[in-house]
Amino acid sequence: MSAEMQFANNYRDLSNQSGVDAGFQFEFYCQRCSDRWRTHYKPYRSGQASGWLQKGANMFGGLLGNASSVLTGMAQAGWHTARDEAFTEAVAAGKAHFNRCGNCHHYVCAPCFDRANGLCFNCAPNVKVAITQARARGEVQGASERANVEGQARGAGHDVRADMQLVCPQCRAETHGAKFCPQCGYRMTQQVQCGGCATALQPGTKFCTECGQRQPGT
């Protein structure tokens, strides 16, 4: 029973105890990558015979119904023994597809197992994979740093002092600083700058409110 218990956490029982599809099947999975491996379906003849008789009893009743009840009881009585035998065979077959890590004791598939060290790649990471991962991280970091510098250079060319209307006062649509509303065409009220001290002023202002200089065009 020790072999069966070793697989207690990485298998799924797909068996059916009764019905015309009664049989045994087990699915094992790698505890590292979760890839699945499934045993071949093994029919449970007693359960299948009971299922067919039950179908006949539903149609004709009578003696078929009694025979079905008897056969069902026999199938249920023999189920646990047959299931244990099928599971033991499944575990033996599963050991050909999975390896037990000597450190974490997880069962992993062949691509996740370092046979030379007897460890899974979680406990003994592949050096070539680690190098490739580190190189990719460095490449992303280097590109991000260069993009940040480029963004700062582009940002230096933007006028950050002028106020912009980001929402249309007429229809409340987002304008993203446009001169005209993209939704209703309303002309946005853009502030202008004083030619002398660069103070933000409302359009049509004749004299700067900060330095008193007369504004051109007024």
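The charged end of Arg83 lies over the ring of Phe87, at 4.8 Å from the ring centre. Phe87 also belongs to an aromatic cluster, together with Tyr11, Phe26, Phe28 and Trp37. Please keep in mind that this is a predicted model.

**Phe24 and Tyr44**
- Phe24 and Tyr44 make a tilted aromatic pair, with 5.4 Å from centre to centre and 55 degrees between the planes.
- This pair links distant parts of the chain, as the two residues are 20 residues apart.
- Phe24 belongs to strand 2 (residues 23–24), while Tyr44 sits in the loop between strand 5 (42–43) and helix 2 (45–60).
- Both Phe24 and Tyr44 are buried.

**Tyr44 and Trp79**
- Tyr44 also pairs with Trp79: the ring centres are 5.4 Å apart and the planes stand at 70 degrees, so this pair is edge-to-face.
- Here, too, distant parts of the chain are linked, with Tyr44 in its loop between strand 5 and helix 2 and Trp79 in helix 3 (residues 63–94), 35 residues apart.
- Trp79 is buried, as is Tyr44.

**Ala200**
- Ala200 is found in strand 11 (residues 200–201).
- With a relative accessible area of 34%, Ala200 is partly exposed, because that value falls between the 20% limit for buried and the 50% limit for exposed.
- Ala200 and Glu210 are ten residues apart along the chain, and 9.3 Å separates their C-alpha atoms.

Definitions and conventions
Residues numbered from 1 in each chain as written. Predicted model: local features only at pLDDT ≥ 70, side-chain atom pairs only at ≥ 80, totals over all residues. Heavy atoms only, no water. Phe/Tyr/Trp six-rings, centres within 6.5 Å; stacked < 30°, edge-to-face > 60°. Helix = DSSP H or I, 4+ residues; strand = E, 2+ residues; numbered from the N terminus. Buried < 20%, exposed > 50% of the residue type's maximum accessible area, 1.4 Å probe, protein only. Lys NZ or Arg CZ within 6 Å of the ring centre and 35° of its normal.
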